[in-house]
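Good morning. I will take a few minutes to go through one structure, and you can follow along on the screen.

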Amino acid sequence: MSPVSDKQLFLSKSVEDLSIAGDQPPPEYIVKGCSYAPAYISSCSSTSFPIIDISLFSQSSPADDDGEAQALNILRSALTSSGCFQAVGHGMSSSFLDKVREIAYEFFDLPIEEKQKYGRAPNESEGYGSDVVVTENQVLDWSHRLSLRVFPQHQRRFNLWPQQPTDFSDTLQEYAEKIKSIMDILYKAMAKSLNVEENSFSRQFGERSLMQARFNFYPKCSRPDLVLGVKPHTDRSRITILLQDNLVEGLQVLVNDNWVQVPVLPHALVVNLGDQMQIMSNGIFKSPMHRVVTNTERMRISLAAFHEPEPEMEIGPVDALVNEERPRLYRNVNNYGAINYECYQKGIVALETVQI
C-alpha cells in the first residue's frame, strides 16, 4: 500500500468529528511552514481593500465615461498590486446572496451520512470531501468542500448535486449564471485598463471554458494558532469570485510580505486573479497569495467560483503586452490547473515553474 493510501486510512476522524469533539488537531494538520509562507500562523494586519462599482463597466452612456475611467484606474491599480478587490454593483440583491449562503449552511448541517451520498471519489476533484492527498508529507487543510462543475452545462454531474436543501440546484444555477456574466464584464474591463483590445483575454478561453463552484466549510478549531482552513496558495484559475460568510472573517491576502485580513462586506463579492491571468497579462496583473484562518468560536462558509480553460487549451501572454521594455515572462502552457495543484500540495510556487 502506498504512503498516501496509508495516510488516508490513518485519518479515522474527519475535521467535522475533530471539531465537534474539541480534539487537538492531529500532526497532519499542523502548519509546519513552506517555502513561501511564515513557519507558523503569524499575526495579521488590517487595511482597506479597494471597492469597485463594476456596474460602471457595463454602462454605455457618455455621461458615465468619467466614472468608468476612474473605475478602470482603480481596477488596474488593484490588480497590479494586491491582485484583488471587493466588487459591488454586481446586480445581485443582498437577499439573494443570503439565500446562496443559506443553502451552504443547510447542506453542511445535514447528517454526515446524507452528505456522504455526494462524496468525492478517490483522486477526483468533484463532490463532497477534503483535499486529495498527493504527497506523504502533505499538510492537510481544516475544511470540508463541496466542489461542482457548473459550466459547461453538459459536464454537470447531477448525481453530486445535493437534493437537500430542495432549492439547492435552482439557487446554484441562478448564481452561476450571474457570476458568468460578471466575469465576462470583468475580462473586458481588465483588457481596457491595459489599453488592449477588449477580447484579448477572453479569446484564449476556447468555446467551452470551465467554471467550478466550490462550497467551503470551515469548522471551529481548538488550535487556530497552528491550523489553517486553507494553506497559503495562489489560485489555478484565470479569475476567482468569492462570496464570503456574511459574519465570520477568515480570508487573508499576502500584501508586501504581510498577511492582510479581507473584511466582510455582506453585499460584496471578493474578486481575485488566478495564476493564468498573471501569465496572460505577462506579469502586469498579480495572482495573490492567500490563505484561510480558523477560529475557536464559529464555523465559516464561503463559495468560490473558479474560471479556467479546458485542460487542452493553450494559454500564454497576450502579444500586445510583450515588447522590448517588457519581454515575455512566461511560456505557453496547457493544463495549468494540474500543474498548480501538484505544486500547491508540495509547497512549490507554480508560476515559477512556467517562467522563461
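Predicted model: local features only at pLDDT ≥ 70, side-chain atom pairs only at ≥ 80, totals over all residues.

Rolling a probe the size of a water molecule over the atoms shows where empty space is left. Searching the whole structure gives three cavities of 30 Å³ or more. What is the volume of the largest cavity? The answer is about 190 Å³. Its lining is made of 20 residues. Those nearest the centre are His 233, Leu 242, Leu 251, His 290 and Val 292. Seen by element, two or more lining residues come from each of β6 (210–218), β7 (228–233), β8 (239–244), β9 (251–255), β11 (269–273), β12 (290–293) and β13 (300–308). Which of them gives the most? That is β13, with four residues. As for the kind of residue, the lining has eleven nonpolar, six polar and three charged ones.

β9 is antiparallel to β12, and three bridges join the two. Leu 251 has Val 292 as its bridge partner in β12. β9 and β10 make a hairpin, with two residues between them. In the turn, Asn 256 has a positive phi of about 55 degrees.

Another set of strands is β4, β5 and β6. β4 and β5 run antiparallel and are joined by three bridges. Gly 127 is opposite Ser 147 in β5. On to β6: β5 pairs with β6 over seven bridges, in the antiparallel sense. Phe 151 has its bridge partner in β6, and that partner is Met 211. How many residues of β5 are buried? Eight of its eight residues are, and the strand counts as mostly covered. β6, remember, also gives residues to the lining of the largest cavity.

We can check a helix by its length. α4 covers residues 94–108, which is 15 residues, so at 1.5 Å a residue the helix should span 21 Å. The C-alpha atoms at its ends are 21 Å apart, which agrees. α6, residues 168–193, has 26 residues and should span 38 Å at the same 1.5 Å a residue; its end C-alpha atoms are 37 Å apart, which agrees. After α6 comes Asn 195, with a positive phi near 60 degrees.

Back to α4 for its buried residues. They are Phe 96, Leu 97, Val 100, Arg 101, Ile 103, Ala 104, Tyr 105, Phe 107 and Phe 108. An α-helix has 3.6 residues a turn, so residues three or four places apart point the same way.

Last, the salt bridges. The count comes to eleven. Lys 115 forms one of them with Glu 16, and their closest N and O atoms are 3.0 Å apart. This pair links distant parts of the chain: Lys 115 is in helix α5 (residues 112–115) and Glu 16 in helix α2 (residues 15–21), 99 residues apart. Are Lys 115 and Glu 16 buried or exposed? Both Lys 115 and Glu 16 are buried.

Asp 141 and Lys 231 form another salt bridge, at 3.1 Å from N to O. This pair also links distant parts of the chain, 90 residues apart: Asp 141 is in the loop between β4 (127–129) and β5 (144–151), and Lys 231 is in strand β7. Asp 141 has a relative accessible area of 4%, so Asp 141 is buried. Lys 231, at 11%, is buried as well.

Compare Arg 223 and Asp 225, whose side chains meet in a salt bridge at 2.6 Å, N to O. Arg 223 has a relative accessible area of 27%, so Arg 223 is partly exposed. Asp 225 is partly exposed too, at 37%. Finally, Glu 124, Glu 126 and Arg 157 are linked in a network of salt bridges.

That is the end of my tour, and I will take questions now.

Note on methods
Residues numbered from 1 in each chain as written. Heavy atoms only, no water. 1 Å grid on protein atoms, 1.4 Å probe; cavity = no way out; pocket = protein on both sides within 12 Å on 5 of 7 lines; lining within 4 Å. Points joined across faces, edges and corners; volume = space filled by probe spheres on them. Nonpolar A, V, L, I, M, F, W, Y, C, P; charged D, E, K, R; others polar. Pairing = 2+ DSSP bridges. Expected span 1.5 Å × (residues − 1). Salt bridge = Lys/Arg side-chain N within 4 Å of Asp/Glu carboxyl O. Buried < 20%, exposed > 50% of the residue type's maximum accessible area, 1.4 Å probe, protein only.
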